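Colleague: I should like to go through this model with you step by step. May I put some questions about it to you?

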Amino acid sequence: MSESRSWRKLRPKQMIARSRGYFSERETIKKLKAYSSRLGTQLVYYSLLLYYAFQSPNTPKKAKLTIAGALGYLILPVDAIPDVLPAVGFTDDSAVILYAVYQVLSHIDDDVKEQARGKVSAIVGRDVSKDELKDPEEDGEAGV
């Protein structure tokens, strides 16, 4: 089966519509707040970049599917490595978030970045300066 035919069988429009319920701002923020100290400020920021890119009407459906998969993996309790395990619990989540950010990087615009920056401080419980947060383009140059 060709790639374009298999892509159509996925029915991205319906998948995105169904997944929107899982990605409410309330649920996403709740999960990020609960685990922010273990995730770290940068990964919270990257997760928010994905969340706001998912909400953006400028992000294409294919990118939204990638984002839905990554955020779903972070938010939903089913994991390859359970989040409750000390030191390694969020290793897989981090890898999935980083992969997704770099896959949809071209769809993370300045509005998305600004929304994410505006929410980070509230989630981590302290003032986070703009200088503390590296944009994915900067991180890619230095290596993550």
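Colleague: Is Arg 126 buried, partly exposed or exposed?
Modeller: Please bear in mind that this is a predicted model. A residue counts as buried under 20% relative accessible area and as exposed over 50%. Arg 126 has a relative accessibility of 37%, which lies in between, so Arg 126 is partly exposed.

Colleague: With which residue does Arg 126 meet in a salt bridge?
Modeller: The N to O distance of this pair is 2.9 Å, and a salt bridge requires the nitrogen to lie within 4 Å of the oxygen.

Colleague: How many helices does the protein chain have?
Modeller: From the N terminus on, the elements run α-α-α-α-α-α-α-α. There are zero strands in the protein chain. The number of helices is eight.

Colleague: In which helix is confidence highest?
Modeller: The protein chain averages a pLDDT of 78, and 69% of the residues score at least 70. Confidence is lowest in helix α1, residues 3–9, at a mean of 52. Where pLDDT is low, the predicted coordinates should not be read in detail. At a mean of 93, the highest confidence belongs to α4.

Colleague: How many of the residues of α4 are buried?
Modeller: The helix α4 has 15 residues and reaches 21 Å from its first C-alpha to its last, close to the 21 Å expected. This helix is mostly covered. Of its 15 residues, the number buried is 13.

Colleague: Which element gives the largest share of the largest nonpolar core?
Modeller: This core has 32 residues, and Leu 48, Leu 50 and Ile 97 touch the most other members. The elements that give two or more residues to the core are α3, α4, α5, α6 and α7. The largest share is eleven residues, and it comes from α4.

Colleague: Which residues is Leu 48 in contact with, leaving aside its neighbours within four places in sequence?
Modeller: Leu 48 is one of the residues that touch the most other members of the core. Setting those sequence neighbours aside, the contacts of Leu 48 are Ile 29, Leu 32, Ala 116, Lys 119, Val 120 and Ile 123.

Colleague: Which residue forms a salt bridge with Lys 113?
Modeller: Lys 113 counts as buried, because its relative accessibility of 8% is under 20%. The closest N and O atoms of the pair are 3.3 Å apart, and the partner is Glu 137. This pair links distant parts of the chain, 24 residues apart, with Lys 113 in helix α7 and Glu 137 in helix α8.

Colleague: Where is Asp 135, the partner of Arg 117 in a salt bridge?
Modeller: The side chains of Arg 117 and Asp 135 meet at 3.2 Å, N to O. Arg 117 counts as buried at 15% relative accessibility, and Asp 135 is buried with a relative accessible area of 10%. The two residues are 18 residues apart: Arg 117 is in helix α7, and Asp 135 is in the loop between α7 and α8.

Colleague: Which residues are linked in a network of salt bridges?
Modeller: The count of salt bridges comes to five. Two of the pairs discussed above, Lys 113 with Glu 137 and Arg 117 with Asp 135, have their residues in the network. The linked residues are Lys 113, Glu 114, Arg 117, Asp 135 and Glu 137.

Notes. Residues numbered from 1 in each chain as written. Predicted model: local features only at pLDDT ≥ 70, side-chain atom pairs only at ≥ 80, totals over all residues. Heavy atoms only, no water. Core = buried A, V, L, I, M, F, W, Y, C linked by side-chain atoms within 4.5 Å. Buried < 20%, exposed > 50% of the residue type's maximum accessible area, 1.4 Å probe, protein only. Helix = DSSP H or I, 4+ residues; strand = E, 2+ residues; numbered from the N terminus. Contact = heavy atoms within 4.5 Å. Expected span 1.5 Å × (residues − 1). pLDDT = per-residue confidence, 0-100.
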